[in-house]
Number of protein chains: 2
Amino acid sequence: MTASRLNGVRYAIRDVLKEAKRVEATGKKLIKLNIGDPNAFDFDAPEELRKAIREATELKENGYSDSQGLLLLREKVVEYNKTKGVHCTAEDVFVTTGLSEAIHMLSAALVEPASNVLLPAPTYPQYQAVTVLHDGEPRFYDCLEGEGWFPDVDDLRKKADEKTAFISLINPNNPTGALYPRKKLKEIIDFAGELGVPVLSDEVYDRLVFEGEHVSTASIASDVPIVTMNGLSKNFFAPGWRCGWITLTGFPDDSLKEGILKLCSLRLCAPVLEQRAAIAGLETIDSWIGGYVEKLRKRRDLLVKRCNEINGLTCVKPKASFYAFPSIEWSGSDEEFCLELLRETGVLTVHGSGFGGKGKHFRMVFLPSESVLEEAFDLIDGFLKAKRSL
Amino acid sequence: MTASRLNGVRYAIRDVLKEAKRVEATGKKLIKLNIGDPNAFDFDAPEELRKAIREATELKENGYSDSQGLLLLREKVVEYNKTKGVHCTAEDVFVTTGLSEAIHMLSAALVEPASNVLLPAPTYPQYQAVTVLHDGEPRFYDCLEGEGWFPDVDDLRKKADEKTAFISLINPNNPTGALYPRKKLKEIIDFAGELGVPVLSDEVYDRLVFEGEHVSTASIASDVPIVTMNGLSKNFFAPGWRCGWITLTGFPDDSLKEGILKLCSLRLCAPVLEQRAAIAGLETIDSWIGGYVEKLRKRRDLLVKRCNEINGLTCVKPKASFYAFPSIEWSGSDEEFCLELLRETGVLTVHGSGFGGKGKHFRMVFLPSESVLEEAFDLIDGFLKAKRSL
């Protein structure tokens, strides 16, 4: 009964979840390192944002907002962008119901049937799924583990053609934790400029940086069409609230703006209370983000230390975000590794091939407390030792 | 640069808005009867719901919820449905980011390219727009003004064929304010059963009823596939919060459920704070809805009285919702009527043809206070008199 566009839509992460439910039902304790939800651990939205929500309930402004988003929020995004070297006006900013909605809208607006979308391998799976949903072809360009998971621009050039709808960048990266240097970004946008296609730059982890500086793609060139994406879910520790925003710079005309605005009108507006929280969030982030980053940095350091100590694991040090993407020495597929690890130890991770990655990896979050991370690595170590001795 | 699927997407209501902005910029005071947003007038979300939001900010549950929606909310929807004679389980309920998202998801899941969707004429424009967005054909069945704007089932039968993806019903109706009797609903679902296509029953105004009883379509037959749709925007006076829910009953298999769940997963979850508000709303609605309905009833009565007194206007009495769809005696198109009325008096309405209606009508809300409504009708009366004397 359902339309064929749904057929190809896969969500590899869900298969692991099914097995996890089964294992949990046997009474085994799970250590869940699979979800990018800091609020499932000892993180919560800052009081500044929660207070803004409470105050918003008293404003008697619970009607629809402008479909494009509250003007004040769009102005705050303009100010924030300016601190990153990205120059725009409130007319260039669109508020969405989380970045998921933004990705969906951009895909609907840019992907013609039979066009292709260039995605990093590994990637965040939603990009692949919405491309298929809009009858486009997800086409992967390599990111090189040996070079700190940076995009292979030669491979990107090889994969692109006249049917390319856009190039997707995720920086800081999910699932690898990589932070791209300015030079690499410049190479990519130079190529996008040559090809005349937009770059979608997902920067939703841009404040969760442990070393180095995050460079916003749109700060490098104002004459290449770039969609800069951000939102409340990660930097602001409020993933369940669903508020994101995109900024369009460098587009030769207003057609994408008009298309996005049309799609915004169809769903009336993004949630208004969360838009107020986002205003407070952008006003106050500098005062509280440091504490979150320090807490994450300690957990990241522990992760790197344990990965390097355990025989059979190696891990490129995550420079940002809260993900790591360790490589495993393992005879079977990485999906088999994750399923066996889950069944035998209760440690829940996601197989790297589920993100479109080559080789054998798993993705894990380093959001849990140090003691939970230590326990998880002890279990992984024991599991690998036992397998080797077979 | 944008994909061709956007080309056919029109939103007639927006053209009126552009002109309204122009007129307002000349300094003319507008009386805005165009938007179905009670919060733009002297209505607000009940304190019970606003309190639930404030309390939710203290719960430390700001992470993602289940993609299908909080289980407790889905259980409350099950209870609510039961009071309407609709029997289901929490597995049949899906929480969405407003009904707009639900309509979009259902369209993505059900509309194949070149299939058609049967929409009432007049209709709520989003149904038409998302059908076009998914390469389907919006096909209109008449609703008969002379019979209280009830659907013409003979016409519905004529318009349907083997390519029909679903039948859309809006009851209580936007834009006419009609409330469909059980007998009429039975005729429609009997036909849907014969044809083997789902009925999407939009019941988002089901508690805003002035006379008669709202009959939920799914209460009439459990063996016809029906999607029952409701949400916070209208009955709960919180349109900006974006929380809706759909219930699937009578489907022969789980394919639509699985399709919707896939689409739900892609956007992670509906906003969690609003889901908590919806729980409180469903628990308390019986205690506060009466006051809202009485306030609206007085405004509805005033509207009917004035429409019947003014030479050139007639109006089927709205039995529910907060819309009226008066018929006008006018030599030009109804779009010209609305534009001239706007320019000369500042009274902002939407032309009936923008909703796909036949004849000459305009849609107006009866949400403003009695004094504003009186002023608006005085202006309309003066405008019509002046036109007749030309």
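This is a predicted model: local features need pLDDT of at least 70, side-chain atom pairs count only at pLDDT 80 or more; totals for chains, interfaces and linings use all residues.
The pairing belongs to an open sheet of three strands in chain B, ordered S11-S15-S14 and antiparallel in its pairing. Strand S11 (323-324) and strand S14 (350-351) of chain B stand at the edges; each has a single partner strand, so one side of each is left without a neighbour in the sheet. In general, strands of a sheet pair through backbone hydrogen bonds, either parallel or antiparallel.

Two packed helices are described by the angle between their axes and the distance between the axes. For helix H10 (residues 334-345) and helix H11 (residues 370-388) of chain B, the angle is about 110° and the axes lie 11 Å apart. Because angles from 65 to 115 degrees count as roughly perpendicular, H10(B) and H11(B) are described as roughly perpendicular to each other. H10(B) contributes B:Phe337, B:Glu340, B:Leu341, B:Glu344 and B:Thr345 to the contact, while H11(B) contributes B:Leu379, B:Ile380, B:Phe383, B:Leu384 and B:Lys387. Of the residues in this contact, six are nonpolar, one is polar and three are charged.

At the level of the whole chain, the secondary structure of chain A comprises eleven helices and 15 strands. The radius of gyration of chain A is 21 Å, close to the 21 Å given by the globule rule for 390 residues, so chain A is as compact as a globular protein of that length. The C-alpha trace of chain A spans about 65 × 50 × 50 Å along its principal axes.

The relation between the two chains was then considered. A rotation of 180° with 0.0 Å of shift along its axis superposes chain A on chain B, with an RMSD of 0.0 Å. The two copies are thus related as by a two-fold rotation axis. In chain A, the C-alpha nearest this axis belongs to A:Arg54 and lies 2.5 Å from it. Both copies use the same surface, since 100% of the contact residues of chain A recur in chain B.

Several backbone features concern loops. Most residues other than glycine have a negative phi, and most peptide bonds are trans. The peptide bond from A:Asn171 to A:Pro172 is cis, with omega near 0°, and A:Pro172 is placed in the loop between strand S6 (164-170) and helix H7 (182-195) of chain A. A cis peptide bond, again with omega near 0°, runs from B:Ala121 to B:Pro122; B:Pro122 lies in the loop between strand S3 (116-121) and helix H5 (125-133) of chain B. A:Asp135, although not a glycine, has a positive phi of about 60°, and is found in the loop between helix H5 (125-133) and strand S4 (137-144) of chain A.

Notes:
Residues are numbered from 1 along each chain as its sequence is written. Chains are lettered from A and ligands numbered from 1 in the order in which they are written. Side-chain values use heavy atoms; hydrogens and water are left out. Copies are superposed by least squares on the C-alpha atoms of residues with pLDDT of at least 70 in both. Contact means heavy atoms within 4.5 Å. Axes are lines fitted to C-alpha atoms, for helices over the stretch in contact, and angles run from 0 to 180 degrees between N-to-C directions. Helices (H or I, at least four residues) and strands (E, at least two) are DSSP runs, numbered from the N terminus. Angles under 35 degrees count as roughly parallel, over 145 as roughly antiparallel, 65 to 115 as roughly perpendicular and the rest as oblique. Ala, Val, Leu, Ile, Met, Phe, Trp, Tyr, Cys and Pro count as nonpolar, Asp, Glu, Lys and Arg as charged, and the others, Gly among them, as polar. Two strands pair if DSSP finds at least two bridges between them. The radius of gyration is taken over C-alpha atoms; the globule rule is 2.2 Å times the number of residues to the power 0.38.
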